[in-house]
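The sequence and the model are shown first.

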Amino acid sequence: MDADLYVPGDGWLHRTDPRVKFLISIVMLALCLVWRNWAFILGILILEHVMLATDRVPAERIGWVWKILAVLIVFIVVLWPVFDQSGTHVLWQWGWLRLTQENLLMAAVMGLRIPALGFACFITLFTTSQTKLVRGLTSLGMPYKAGLTLATALRYIPVFFSIFQSVSEAQRARGLDLSGKVNAAGKKRNIFVRLVDRFKSYLPIIIAVLIRAYKMSQSVGWAMESRGLNLNRNGVKRTYRVNLTMSIVDWIILVIAIAAAAGSVWLMTWLS
């Protein structure tokens with residue numbers, strides 16, 4: 001799996017202004033956090049999948065999100081009734097453990113809320129290039145230095161990820177055991193000792209990656225200095241290589257998102 005989250009494409013979400021996608025993600029995040037109705041959160045989750053599918057985001061990327069969230073979802077659904085003993089409609093009880101209609105319903109809500117929150121963020125991350133992502137934030141008022149820092153961090157995440165993989169493969173080729181399953185005598189170890197040994201085995205890899213990162217940071221710093229970073233001149237206006245312009249389609253999507261958010265707030269108020 002590539003560390004770069006952006007999926008190149010030309011779908012309708014890719015063509016949408018990043019500021020509009022920021023609003024869509026924020027609205028979905030807010031609605032998922034405020035609503036406690038499983039049907040509504042499930043509807044948002046389905047809508048997110050429809051948006052990604054119609055934008056032709058590969059199913060492998062969507063499945064990758066579910067894969068990284070699966071363990072967290074299972075833990076929350078299983079442990080929520082254990083720690084939340086509220087509710088009056090008892091369905092099953094064994095000692096202090098009670099399964100009620102209310103805590104099972106909240107477990108379902110939390111199990112749906114986690115992926116809904118995740119996909120609300122990935123809608124923007126999957127369909128917005130790093131350049132437009134940072135340019136959208138700076139156009140909303142983020143200082144250009146903060147935008148440059150964010151752009152540099154996003155740019156080098158896949159670089160350091162590939163460096164880590166290359167160093168790991170090189171060390172394995174030289175006989176380094178990264179699993180920690182057996183000791184020098186060939187005997188199996190328990191889980192705790194395996195975790196400690198596995199962490200120790202990664203130390204040479206981490207040190208090599210840090211040394212490479214330090215050398216690259218020097219090169220990046222010299223390159224920025226040669227391009228006049230922090231050069232202050234009176235009357236000089238900063239320009240940007242990427243300029244954002246709202247199209248008619250962007251305005252339509254923006255109006256639909258605002259109307260949907262307002263309608264959801266009205267529905268929640270009316271139901272309460």
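In this predicted model, helix 4 and helix 5 cross at roughly 155°, and their axes come within 9 Å. Angles over 145 degrees count as roughly antiparallel, and helix 4 and helix 5 are therefore roughly antiparallel to each other. Their crossing is right-handed. The residues in the contact of helix 4 with helix 5 are 21 nonpolar, two polar and one charged.

Helix 2, which spans residues 18-34, packs on helix 9, residues 248-271, and also on helix 6, residues 130-139.

| Helix pair | Angle between axes | Axis distance |
|---|---|---|
| Helix 4 and helix 5 | roughly 155° | within 9 Å |
| Helix 2 and helix 9 | about 10° | 10 Å |
| Helix 2 and helix 6 | about 80° | 9 Å |

With an angle of about 10° between helix 2 and helix 9, helix 2 is roughly parallel to helix 9. Helix 2 passes helix 9 in a left-handed crossing. On the side of helix 2, the contact is formed by Val20, Leu23, Ile24, Val27, Leu31 and Val34. Helix 9 meets them with Asp250, Ile253, Leu254, Ala257, Ile258, Ala261, Ser264 and Met268. Sorted by class, the contact of helix 2 with helix 9 has twelve nonpolar residues, one polar and one charged.

The arrangement of helix 2 and helix 6 is set by an angle of about 80°, so helix 2 is roughly perpendicular to helix 6. Pro18, Arg19 and Phe22 of helix 2 make this contact with Lys132, Leu133, Gly136, Leu137 and Ser139 of helix 6. By class, the contact of helix 2 with helix 6 has four nonpolar, two polar and two charged residues.

Helix 6 also has buried positions: Leu133, Val134, Arg135, Gly136 and Thr138. After helix 6 comes Gly141, with a positive phi near 120°.

Which residues have the most contacts inside the largest nonpolar core? They are Ile24, Met28, Leu52 and Phe126, in a core of 37 residues. Helix 2, helix 3 (38-54), helix 4 (59-83), helix 5 and helix 9 each supply at least two residues of this core. Helix 5 gives the most, with twelve residues. A second, separate core has seven residues, among them Val159, Ile163, Ile205 and Met216. In soluble globular proteins, nonpolar side chains tend to be buried together.

Apart from neighbours within four places in sequence, Met28 is in contact with Ile44, Leu47, Glu48, Met51, Ala120 and Ile123.

Is each of them buried, partly exposed or exposed? Cys121 has a relative accessible area of 34% and is partly exposed, whereas Thr127, with a relative accessible area of 1%, is buried. Buried means under 20% relative accessible area, and exposed means over 50%. Leaving out neighbours within four places in sequence, Thr127 is in contact with Tyr6, Leu13, His14, Lys21, Asp55 and Val57.

Arg56 lies in the loop between helix 3 and helix 4. Phi of Arg56 is positive, near 65°, in a residue other than glycine. Arg56 counts as exposed, at 60% relative accessibility.

For the chain as a whole, there are nine helices and two strands. Their order along the sequence is α-α-α-α-β-β-α-α-α-α-α. The chain has 272 residues, of which 32% count as buried. Among contacts in the chain with a separation of 6 or more, 71% are between residues 24 or more positions apart.

Definitions and conventions: Residues numbered from 1 in each chain as written. Predicted model: local features only at pLDDT ≥ 70, side-chain atom pairs only at ≥ 80, totals over all residues. Heavy atoms only, no water. Axes fitted to C-alpha atoms, helices over the stretch in contact; angles between N-to-C directions. Helix = DSSP H or I, 4+ residues; strand = E, 2+ residues; numbered from the N terminus. Parallel < 35°, antiparallel > 145°, perpendicular 65-115°, else oblique. Left-handed = near helix turned anticlockwise from the far one by under 90°. Contact = heavy atoms within 4.5 Å. Nonpolar A, V, L, I, M, F, W, Y, C, P; charged D, E, K, R; others polar. Buried < 20%, exposed > 50% of the residue type's maximum accessible area, 1.4 Å probe, protein only. Core = buried A, V, L, I, M, F, W, Y, C linked by side-chain atoms within 4.5 Å.
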